[in-house]
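Please look through the sequence and the 3D structure shown below before reading on. The report that follows takes up a few parts of the structure in turn.

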Amino acid sequence: MSDLDFGRLLPAPLSVRRGVPFYYQKSEAEIAGDVYERYDALVTRQTALHLADELHGGYPFATLLEYVSTWLPVSKQPLAVADLGCSVGRIAATLAQRYADWDVYGLDLSYQMLRQARDFWTQGVNLQPNLIRFGWGTPALDGYQLENLHFGLSRAEALPFPDASLDVIINTFLIDRLPGPFSAFAEWRRVLKPGGRLITVSPLNFLQPDSWRKAYPPVKILDHLRQAGWRLDDWTDHLPLAEPMDARGNAVNWQCLAFVVER
Ligand SMILES: C[S@@+](CC[C@H](N)C(=O)[O-])C[C@H]1O[C@@H](n2cnc3c(N)ncnc32)[C@H](O)[C@@H]1O
């Protein structure tokens, strides 16, 4: 894949850094202040969770992937799908592998996540993350060269896609990281085609007091979505997920809200 192939739906970026197109001009100060840019702390942890199944005897978030897979539209036509807050790209890449004629996009705000995601999933770069501090050693992970998968740096609340261009938006463990989840829903409605699906899974572990006030308990999210015109396909509360922390078996137990709505 050429360095200048950003996919059918993405416009020319504002800039490109090591092959990652920037659709938001993230400043050096923002990069320095963003916890998700910390390679050793966050990128390797996401790598252990999403890319190193053999450490755990299977993909720890298989239940999450199954939920997303269950709610993908059945279509004879190729679909355009975006995973927002894709981090190291596992979910987007799994869909790109399963559906070779789909256009799949992984967007995130972290350059470091995207640099690794692009290298590993589209450029065939092998990884050997240092997971020694978790007791997992330095597993060797073989890269891929998926041609229907594109990564880009963007804020999920201001996407580079044209109006009514996507069939599906997926976001997992993202909405509680956003300053304003409800304004993101409005942006996602803009870029979805009529009838397009939004698939969300989140532990609702909000960072901002204002989000707790506006979006908790989850019925407030449901009311908001209904008032904004979304049609409800599924509402699953709770969807439990365990995130492994180390080789001893310590884990974080998440109680997620999972829902699917249509534009
Ligand atoms: C908790 S991680 C979740 C990653 C992955 N989706 C998962 O299910 O494990 C949150 C991700 O969202 C990204 N993120 C945070 N704020 C964002 C924003 N405003 N727009 C896009 N991505 C964002 C972070 O860089 C990080 O990769």
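## A side chain and a backbone oxygen

Which residue has the backbone oxygen that the side chain of Arg 118 reaches? This is a predicted model, and in it the side chain of Arg 118 reaches the backbone oxygen of Gly 19, at a distance of 3.0 Å. Arg 118 itself belongs to helix H6, which is made of residues 111-122. Because a residue is called buried when its relative accessible area is under 20%, Arg 118, at 10% relative accessibility, counts as buried.

## The ligand and its surroundings

The ligand has 16 residues around it, and of these His 50, Gly 85, Asp 108, Ala 156 and Thr 172 come nearest. If the residues of this shell are sorted by type, six are nonpolar, seven are polar and three are charged. The space that the ligand takes up is the largest pocket.

## Helix H5 and a buried alanine

Is helix H5 largely enclosed by the rest of the structure or largely open? Helix H5 runs over residues 90-98, and seven of its nine residues are buried, so this helix is largely enclosed by the rest of the structure. The buried residues are Arg 90, Ile 91, Ala 92, Ala 93, Thr 94, Leu 95 and Ala 96.

Along the sequence, Ala 215 and Asp 176 are 39 residues apart, while in space their C-alpha atoms are 9.4 Å apart.

## Backbone features to look for

Most residues other than glycine have a negative phi, and most peptide bonds are trans. With this in mind, a few places in the backbone deserve a careful look.

Where is the residue Arg 18, and what is its phi? Arg 18 is found in the loop between strand S1 (15-17) and strand S2 (20-22), and although it is not a glycine, it has a positive phi of about 45°. Ala 164 also has a positive phi of about 45° without being a glycine, and this residue lies in the loop between strand S5 (149-153) and strand S6 (166-172). Ala 164 has a relative accessibility of 34%, and so it counts as partly exposed.

Two cis peptide bonds can be described as well. One of them joins Tyr 216 and Pro 217, with an omega of about 0°, and Pro 217 is found in the loop between helix H8 (209-215) and helix H9 (219-227). The cis peptide bond between Asp 237 and His 238 has an omega of about 15°, and His 238 is found in strand S8, which covers residues 231-244.

Definitions and conventions: Residues numbered from 1 in each chain as written. Predicted model: local features only at pLDDT ≥ 70, side-chain atom pairs only at ≥ 80, totals over all residues. Heavy atoms only, no water. Near = heavy atom within 4 Å. 1 Å grid on protein atoms, 1.4 Å probe; cavity = no way out; pocket = protein on both sides within 12 Å on 5 of 7 lines; lining within 4 Å. Sits in = over half its atoms within 2 Å of the grid points. Nonpolar A, V, L, I, M, F, W, Y, C, P; charged D, E, K, R; others polar. Buried < 20%, exposed > 50% of the residue type's maximum accessible area, 1.4 Å probe, protein only. Helix = DSSP H or I, 4+ residues; strand = E, 2+ residues; numbered from the N terminus. Polar contact = N/O pair within 3.5 Å; in protein donor to acceptor, adjacent residues only side chain to side chain.
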